[in-house]
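I opened this notebook page to record what I looked up in the structure. The entries follow in the order in which I made them.

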Amino acid sequence: MSLVSVRLLGSFSITGEYGSVAKSPPGKLQDLLCYLLINRERELPRELVASTFWGNTTTSQSKKYLRTLRWQLRTLLEVNFGAAEALHVDTFFVRLNPGSHFWLDIAEFENITRSLVKTPVVCPNGEAATMMKAAVALYAGDLLEGNCCDWCLHERRRYQEMYLVLLDKLLAYCEIQFDYDDVRNYGSLLLRYDPLSERTYQRLMRLYYWVGDRGEALAVYEKCASTLRKYLRVEPSDVTNELCRQIRSGGLISKKVPGSPAEVPTSADDLFAHLRLVESMMLHLQKQVRSDLRALHQNFGLQRVRVNPGKRSA
């Protein structure tokens, strides 16, 4: 028995041990293999699988087609990888249990994502950031690119949402760590999938300003504004506009290197504008903290605690 490596993120590929490339299963056989691997943690009713793939035929016909395809899949696994026992079938259910027979990119991606559910969005630690970078690297593209089956479209969106959450957390971490190259790279990836995210545009604007490229920072703002007008027919938010004004005037506090002293605004107008920007950023941070607290409450069943900032202990 050899280890089977299957990649579903991006284009489908399957390889045997030592990197030998196996011939991709054709058509429905490949679809069934992918469907069972995606649902590897479930015992799937045979009627459900049959109706998913042959919903436009009678029940008896769809079951017959499934029996034929199931036999072909078992043969494929046995002849190519000696892993026929990975396919479990009984009177009512069918399941493909990867176990030690398969390495799956989606399984690796999901395991990392699940382990990071409790990681705060605002300040993930270095270990969490390393894991997130590994998960993002696994995401070679959307799930089974080119497959337009209904079941695949639903799963594709689910993986895409996990990917966007990882990118957003990574972007926050890299900005705090002054990792400008990664902010640029992850920001570009995030905008490719979510071109309406003002928060991402804001981070990129700050990034380019801090590295001394005010022109590119303003170009990012213009791209943000034109995108919002085109798709939503709205203008950028007050926070984004204020950030743009700060960049145009050169009044945004510099953050060129970690640990460097902040450049203090030299005029009352600059100080006022800077404090307005800080205020808006703090409001955004407060919203994010509330979101994290709600997530903690849901995950751990913690009781909600209201804190009265004006009340002091004796």
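Entry 1. I took two strands as paired if DSSP finds at least two bridges between them; helices (H or I, at least four residues) and strands (E, at least two) are DSSP runs, numbered from the N terminus. The model is predicted, so I note that local features need pLDDT of at least 70 and side-chain atom pairs count only at pLDDT 80 or more, while totals for chains, interfaces and linings use all residues. Residues are numbered from 1 along each chain as its sequence is written, and side-chain values use heavy atoms, with hydrogens and water left out.

Entry 2. I looked up the sheet and found three strands in the order 2-1-6, open and with mixed pairing. Strand 2 (13-15) and strand 6 (102-104) are the edge strands, each pairing on one side only. Strand 1 (residues 4-7) runs antiparallel to strand 2, joined to it by three bridges. I noted Thr15 in strand 2 as the bridge partner of Ser5.

Entry 3. I then turned to the rings of Phe, Tyr and Trp (its six-membered ring), which pair if their centres lie within 6.5 Å; planes under 30 degrees apart count as stacked, over 60 as edge-to-face and the rest as tilted. The count is ten aromatic pairs. Phe109 lies in helix 4 (residues 105-115) and Tyr139 in the loop between helix 5 (126-138) and helix 6 (150-176), 30 residues apart.

Entry 4. I recorded a cluster in which ring pairs link Tyr35, Phe53, Trp54, Tyr65 and Trp151.
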